[in-house]
Amino acid sequence: MKLLEPAFMSFIRKKRLLLYIFCIAIMLGVIMVILNYREYLENFYNNEIENNIKNRTIFVSNNNYDNVDLDEITNLNNVEKCEYFFNTLNVNIYGKKYNLQSNILIDENKIIKGKNCESDDIEVVIPNSVENADNLLEKYINIEYNKSILSVKVVGIYNDDIRQNYCYISNGAIKELIKNDKNVINCSSCLVVIDQYKNLEYIIQLLKEKNLSANLYNTNGLNDIKTYKTVSIIFDLLIIIIFIFIYATLLIIVSNILNEEKKDIAILKALGYNQSHIIKIIFYRLSYIILISFGISFFIQIYLEKIFSFHLMKIINLEINYNLGLKLINYGILFVLLIFLIFIISLKSGKKVKLIDTIILLKE
């Protein structure tokens, strides 16, 4: 191929090509940033939204106000756990106000120390926002509610990053509270946790067929899910649009090559090179352009990510951490798609190469 390289060296030296390379590099840098942000959003969606236990929890009540049969619901496929509805209580712990809720609603992946409550024991999981929380682990604390005091063992500490000050108690602790106030439990309604978010609609429909009222417990998650899906669609459209621009830019480069280097092509034809040889030249030339652009795009991506991360931290206090392995996979897929793109463009250029009349060009 060394004999073929001089054919287009004059075009390589033109400043216009450098501009094309820089434009492609910018577009690739933007695609890389979008892919990384999309990957982060997908992980965030799965970990913080879809897998959030509150978004997999259904509030179920009996339409005739009779007691809900927990065993019947628990035996349904895809039901992870079920418990009578426990009203959130406002309690005092060491003189400070906290919200007390059943541990059925705690995300176990947020527990940073210790473990979740055992159902039959009198235990509690506290937020890390509690003063000296670490020192309270495996110790007993007093929870004050309606002038009654309940002594419970702290078995876990969870990350209360949004400072809601919830403490989560076991079913055994709830039974102790019932002794002083039966109204904390509503036996005609319950909370049902589904194993996977995708099974929600199926279970809700199944419960309604049993003449039970069933609705999503936390509707705030729906807005987050809609937002994620909308942003994902926008990102996908942006990637498609940018790819169209890259495709158009490469077509312009090929068009310039064929228009400005007709004599070189004619000489190659006169030397015995056929159409496939010319297509290979174009393919290799575009490959060099893509490789150079791809290399420059890494620096553009790093710069853009620093700008976006700075503004995100400033506006919503959100720090994005990328998975290096997934980034490399995305880069690999992107590079393969680009090679496929220039392969298609090179093949399409064969029609124009065929139209170049060697004898007429040599006479010019």
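Which side chains meet in a salt bridge at 3.7 Å, N to O? In this predicted model, the partners are Glu123 and Lys115. Glu123 is buried, with a relative accessibility of 7%. Lys115, at 36%, counts as partly exposed. Lys115 also forms a salt bridge with Glu118, where the closest N and O atoms lie 3.9 Å apart. The relative accessible area of Glu118 is 41%, which places Glu118 in the partly exposed class. Through shared partners, the salt bridges join Lys115, Glu118 and Glu123 into one network. In general, side chains of opposite charge can pair when their charged atoms come close.

The structure holds nine salt bridges. One of them is formed by Arg56 and Glu80, with 3.5 Å between the closest N and O atoms. This pair links distant parts of the chain, its members being 24 residues apart. Arg56 belongs to the loop between α2 (15-50) and β1 (57-62), whereas Glu80 lies in strand β2 (residues 79-86). Arg56 has a relative accessibility of 9% and counts as buried. Glu80, by contrast, is partly exposed at 42%. Buried is taken as under 20% relative accessible area, so the value of 9% puts Arg56 in that class.

Strand β2, which carries Glu80, is part of an open sheet of four strands. The strand order is β2-β10-β1-β11, and the pairing is antiparallel. Because β2 and β11 (212-216) stand at the edges, each has a single partner strand, and one side of each is left without a neighbour in the sheet. Neighbouring strands of this sheet are turned against each other by 25 degrees on average, direction ignored. Strands of a sheet pair through backbone hydrogen bonds, either parallel or antiparallel. Strands β1 and β11 run antiparallel and are joined by five bridges. Ser61 stands opposite Ser213, the latter in β11.

Two helices are described here in relation to the sheet. Helix α5 (residues 171-178) packs on the sheet and touches β2 and β10 (185-194). The direction of α5 makes about 20 degrees with that of β2. Helix α6 (residues 200-209) lies across β1, β2, β10 and β11. Relative to β11, helix α6 runs at about 160 degrees.

Methods. Residues numbered from 1 in each chain as written. Predicted model: local features only at pLDDT ≥ 70, side-chain atom pairs only at ≥ 80, totals over all residues. Heavy atoms only, no water. Salt bridge = Lys/Arg side-chain N within 4 Å of Asp/Glu carboxyl O. Buried < 20%, exposed > 50% of the residue type's maximum accessible area, 1.4 Å probe, protein only. Pairing = 2+ DSSP bridges. Axes fitted to C-alpha atoms, helices over the stretch in contact; angles between N-to-C directions. Contact = heavy atoms within 4.5 Å.
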